[in-house]
There are 2 protein chains.
Amino acid sequence: MHTAPMQKLEPAKRLGLVVVVTGYGKGKTTSALGMIVRAVGHGMKVCLVQFMKGDLHAGEYDGLKLVAPYVEHHLTGKGFCGIQGNPYPYQEHRANPQEAIELGKEKMLSGEFDILVCDEINNALRLKLVDLPQVLDLIESKPPNMRLVLTGRDARSEVIDRAHTVSEVNEIKHAYRQNIEPQPGIDY
Amino acid sequence: MHTAPMQKLEPAKRLGLVVVVTGYGKGKTTSALGMIVRAVGHGMKVCLVQFMKGDLHAGEYDGLKLVAPYVEHHLTGKGFCGIQGNPYPYQEHRANPQEAIELGKEKMLSGEFDILVCDEINNALRLKLVDLPQVLDLIESKPPNMRLVLTGRDARSEVIDRAHTVSEVNEIKHAYRQNIEPQPGIDY
């Protein structure tokens, strides 16, 4: 159906944006995964550090393996801290994000990547698994051409102030409120 | 860093949800792309029909080629109707989405796919490139286990009523308001 020639955009100036995706609706990690699809399509190298996830298998783990030459993926979480059924004590929850933020910074400065995604870092900050000065230091250490994506609910205003693009995903409806369990391919 | 064994969730009942992603912020198409990453990670087959895009090269076109055995991708648009610089008359804009919605329905009913993504269909509806009865018919024709994702700003209430999960992506900040041009890997 498509016949017109396709134009290629190229900005006069490439900039390594800071993007924040926050809010309580479905679509924050999913949006970060979508940016990864875009980035790998441009031949960029991506480092994804997931701060809160790691104990439950999610479709993206295997989906991202298909684009593995472009994506380095670190799962550092022990699941969501404080939610029912999660057996780990607070200090164990904090240990991994503390390593994760150091790792993220190291990868960001390594020169090997074009984009660093810190998935659920806002949430990790809210739960005091990482500290505000650490997150601000990460943002301020960003090389000019590096892209940095920070997801998770309750993004701090100090983080929002330092971002170029900030979206808030709000829940209008969610299947789980209709007593529908999380569904593969959609929710995980 | 991650040592605990990973649990695999499996819902007692698999359901083909209808998911709507709307709003004016960045992260609707990106979120749909993320659901595609999840779905292919579960070995699902995806059909993506993009209703408004097609004249400008975007990273996802090449990114999705990397997962091509799992994703059939139809670009049907002539760019955004009515925006400055777009040279096509209305009737030409409407012709392609009209074919696209028929194609989407055919693919949805073909039995070949687990998930159909209609990207920017809400926007196409708002611009009268497709009609409300066509979109409602698409939703109502959905086989029970098929997942259907509908993106685009200004989702109609009749569409929202028929969805299980609806997210609204609001703009808190956007780089373009700081006179930063769209950036590859992030914006396209």
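This briefing walks through how two protein chains meet and which contacts hold residues of the model together. The model is predicted, so please read every value below as computed from it. Chain A and chain B bury about 7,200 Å² between them, and 84 residues of chain A are in contact with 84 residues of chain B. Chain A can be laid on chain B with an RMSD of 0.0 Å.

**How the two copies are related**

**The interface**

- Of the area buried between chain A and chain B, 62% is on carbon and sulfur atoms.
- On the polar side, 38 residue pairs are in polar contact across the interface of chain A and chain B.
- B:Glu60 sits in helix H2 (residues 59-65) of chain B. B:Glu60 counts as buried because its relative accessibility is 1%, under the 20% cut-off.
- Sequence neighbours within four places aside, B:Glu60 is in contact with A:Val37 and A:Arg38 from chain A, and with B:Thr29, B:Leu33, B:Gln50, B:Lys53 and B:Tyr188 from chain B.

**Strand pairing**

- Strand S6 (residues 165-173) of chain A runs parallel to strand S1 (residues 18-22) of chain A, and four bridges join them. In this pairing, A:Val21 stands opposite A:Ser167.
- S6(A) also pairs with strand S6 (residues 165-173) of chain B; these two run antiparallel and are joined by seven bridges. Here the bridge partner of A:Lys173 is B:Val166.

**A buried glutamine**

- A:Gln50 lies in strand S2 (residues 46-50) of chain A, and A:Gln50 is buried, with a relative accessible area of 0%.
- Beyond residues up to four places away in sequence, A:Gln50 touches A:Thr29, A:Glu60, A:Tyr61, A:His73, A:His74, A:Leu75, A:Thr76, A:Gly77 and A:Asp119.

**Salt bridges within the chains**

- Side chains of opposite charge can pair when their charged atoms come close. Over all chains, the whole structure has 20 salt bridges.
- A:Arg162 and A:Glu140 meet in a salt bridge at 2.8 Å, N to O. A:Arg162 lies in the loop between H6 and S6 of chain A and A:Glu140 in helix H5 (residues 132-140), so the pair ties together parts 22 residues apart in sequence. A:Arg162 is partly exposed at 33% relative accessibility, while A:Glu140 is exposed at 55%.
- B:Lys107 forms a salt bridge with B:Glu72, their closest N and O atoms being 2.8 Å apart. This pair links distant parts of the chain, helix H3 (residues 90-109) and strand S3 (residues 71-75) of chain B, with the two residues 35 apart. B:Lys107 counts as buried at 15% relative accessibility, whereas B:Glu72 is partly exposed at 24%.
- B:Glu158 and B:Arg156 also form a salt bridge, with the closest N and O atoms 3.3 Å apart. B:Glu158 is partly exposed at 25% relative accessibility, and B:Arg156 is partly exposed at 35%.

Conventions:
Residues numbered from 1 in each chain as written. Chains lettered and ligands numbered in written order. Predicted model: local features only at pLDDT ≥ 70, side-chain atom pairs only at ≥ 80, totals over all residues. Heavy atoms only, no water. Pairing = 2+ DSSP bridges. Least-squares fit on C-alpha atoms with pLDDT ≥ 70 in both. Buried < 20%, exposed > 50% of the residue type's maximum accessible area, 1.4 Å probe, protein only. Contact = heavy atoms within 4.5 Å. Buried area = accessible area lost by both parts, 1.4 Å probe. Polar contact = N/O pair within 3.5 Å; in protein donor to acceptor, adjacent residues only side chain to side chain. Salt bridge = Lys/Arg side-chain N within 4 Å of Asp/Glu carboxyl O.
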